[in-house]
Amino acid sequence: MGTITCPGGHTFADAQGPSRILYWVIPDVDLDAIAKDMATKHQGSEDPGTDAAFEVTSRGFPTYKCPVCGRILVFHKGLDGPADSFVPEQGQ
Ligand SMILES: [Zn+2]
């Protein structure tokens, strides 16, 4: 398990299982291919839910929401690479 530090200085553990701070971002241009693979590549699978999750997590960008300040950190090059950070608007 690793840790993630947001630009606000908050450190938190990366997710090892289902998490409310981890999201998967999929570019719209990749969505059709992923959906087709879910429908065809894993046809007859005994565990279609796990296979669908694999397609999303292996092809989407891991994205975290800092549990302290709400920044969104998008890791376009995997968790070992830098993240693009987005700060939520105030008063929204
Ligand atoms: Zn933060």
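## Overall architecture

Helices (H or I, at least four residues) and strands (E, at least two) are DSSP runs, numbered from the N terminus. By this definition the chain has 2 helices and 6 strands, in the order β-β-β-α-α-β-β-β from the N terminus on.

The model is a predicted one: local features need pLDDT of at least 70, side-chain atom pairs count only at pLDDT 80 or more, and totals for chains, interfaces and linings use all residues. Residue numbers start from 1 along each chain as its sequence is written.

## The helix pair

Helix α1 (residues 28-40) packs against helix α2 (residues 48-59) at an angle of about 150 degrees, their axes lying 9 Å apart; axes are lines fitted to C-alpha atoms, for helices over the stretch in contact, and angles run from 0 to 180 degrees between N-to-C directions. α1 is therefore roughly antiparallel to α2, a term for angles over 145 degrees.

A residue is buried if 20 or more other C-beta atoms, placed from the backbone, lie within 10 Å of its own. Of the 92 residues of the chain, 5% count as buried.

A nonpolar core is a set of buried Ala, Val, Leu, Ile, Met, Phe, Trp, Tyr and Cys residues joined through C-beta atoms within 7 Å. The largest one has 5 residues, namely Cys-6, Tyr-64, Cys-66, Leu-73 and Ala-83. Beyond its neighbours within four places in sequence, Cys-6 is in contact with Cys-66, Cys-69, Arg-71, Leu-73 and Ser-85, where contact requires C-beta atoms, placed from the backbone, within 7 Å.

Key:
A residue is buried if 20 or more other C-beta atoms lie within 10 Å of its own, exposed if 12 or fewer, and partly exposed in between; C-beta atoms are placed from the backbone. Two residues are in contact if their C-beta atoms, placed from the backbone, lie within 7 Å. Angles under 35 degrees count as roughly parallel, over 145 as roughly antiparallel, 65 to 115 as roughly perpendicular and the rest as oblique.
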